[in-house]
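Q: Could you take a close look at one helix and the packing around it for me? I'd enjoy a connected walk through what you find.

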Amino acid sequence: MQIKTPDWVKHAVFYQIFPDRFAKSKQPRKKLLHNARWEDWEAMPTLQGYKGGDLWGIIEQLDYIQDLGINAIYFTPIFQSASNHRYHTHDYYQVDPMLGGNAAFKDLLDAAHERNIKVVLDGVFNHSSRGFFFFHDVLENGPYSPWVDWFKIEAWPVSPYNGEYPANYVGWADNRALPVFNHDNPEVREYIMEIAEYWIKFGIDGWRLDVPFEITTPGFWQEFRSRVKVINPEAYIVGEVWGDSRQWLDGTQFDGVMNYLFAGPTIAFTAGDRVVMDQVQSRDYKPYPPLFAAEYAEKIQEVLQLYPWEIQLTQLNLLASHDTARLMTIAGGDKASVELATLLLLTFPGAPSIYYGDEVGLPGALDPDSRRGFPLEASWDREILNTHRQLISLRHAYPCLRTGEYKVLFAQGGIYVFARILGTEELIVAVNVGTAPTKAHVDTAIQSQPNKLLYGKAEVEWNVEGDKLTLTVPPRAGCILGVR
């Protein structure tokens, strides 16, 4: 079969926003919560506290987002919930009133689309919250509830709060706050499909799916894709799968996944032995042990060979998210590691995703610290911000960085060189993770002199007769070289 993925994703640079922590509106719009006890914005976040970020605040920051070069936003959940991260969904049809409700989201969607910024929402369809009305009816009425078969009830009575007793129902990751849906029930299946359709009709540009691998009902994700794509064929469907995702990336289910298989080796290569092991989660995401260039090249080739090229171009590539420590902290505060990893991210096939605040050097340990409030401007790291601005601008300017062939040219010791090629357009990218200047002698098939340094620093020598390119790259630095 011919695999079809949304074309706009291939040209997108995503910005991931955790709504409670990005921006508060400067206008006093939360009349019901005017005197709410928000946590101090700059204080260390807590597991249960709210800082009061809202959708109006995001609207007010769209100029900043657009100026950065972002043309797509992925929001972690925005629906009504009793948790600051909102993965405990109470009502799938209502945007949380703390964020501004459905009206504020419509205003945000319209404002984003006016700037040609796409919006992707987080769908938590494996489980709900124990505050979800259908489950609450089960709590009130026990086996007499008409919604019993919507969940995986094992015995009576159910115990949603008291850990001294068995929960007697299946909760995601044994968390009784998150009752798992019974997806084999056709009514549950239809309910979730209708939610997906409702928000696509509302105007969103796609769904990021939380733990979709937990839903194993045959045909579920095929139907989900079919029903979403009938409404909007260009809607993006991306799954949160941390490892090998071939079973979901066959063209009948997802357009891509969150590409932790890219993130792990990229951090292991650029940060090396600077990685703070206490800040690494033991999942398929493994930014360790340190990698030399040849090992990195091998792992990247493995990633690129896993999926069809059409899927590679719509993978959601990332270096950090709300589920990991931030890159600055993982790398022990080493700025060069952040800049080198960002260079590799913005020159890799697929859609790069920047976790809010990473572009200004925001640190953050594992949850909840990785979900800090977006820092005040006085605390921004301007060098890291400038790195992001330059690289995002180059990605938009050169189609080969988005859809061109990825070809490794040199990988020895601490230096890694590759080309992105699309027709007659070619860029050469070099990264030196070592602590001394390093030379790379690269065999090329190009006929023109590669002497247009677009980014970074390097000494370039070109032997026309032998088609040899010699790059001398400073320590802990990288460059992008144009061919003309």
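A: Happy to. A residue is called buried when its relative accessible area is under 20%. In this predicted model, the buried residues of helix α12 are A336, S337, V338, L340, A341, T342, L343, L344, L345 and L346. That makes ten of its twelve residues, so α12 is largely enclosed by the rest of the structure. The length of the helix fits too: at 1.5 Å a residue, residues 335-346 should span 16 Å, and the end C-alpha atoms lie 17 Å apart, which agrees.

Now for the wider packing. The largest nonpolar core holds 138 residues, and F14, Y15, I65, F105, W207, F224 and Y416 have the most contacts inside it. Helix α6 (residues 186-202) gives this core its largest share, eight residues. Looking beyond its sequence neighbours up to four places away, F224 touches F125, M193, A196, W207, L209 and I237. A second, separate core has 14 residues, including F410, I428, A440 and L469.

Finally, a charge meets a ring: R326 lies over the face of Y356, 4.7 Å from the ring centre.

Methods
Residues numbered from 1 in each chain as written. Predicted model: local features only at pLDDT ≥ 70, side-chain atom pairs only at ≥ 80, totals over all residues. Heavy atoms only, no water. Core = buried A, V, L, I, M, F, W, Y, C linked by side-chain atoms within 4.5 Å. Buried < 20%, exposed > 50% of the residue type's maximum accessible area, 1.4 Å probe, protein only. Helix = DSSP H or I, 4+ residues; strand = E, 2+ residues; numbered from the N terminus. Contact = heavy atoms within 4.5 Å. Expected span 1.5 Å × (residues − 1). Lys NZ or Arg CZ within 6 Å of the ring centre and 35° of its normal.
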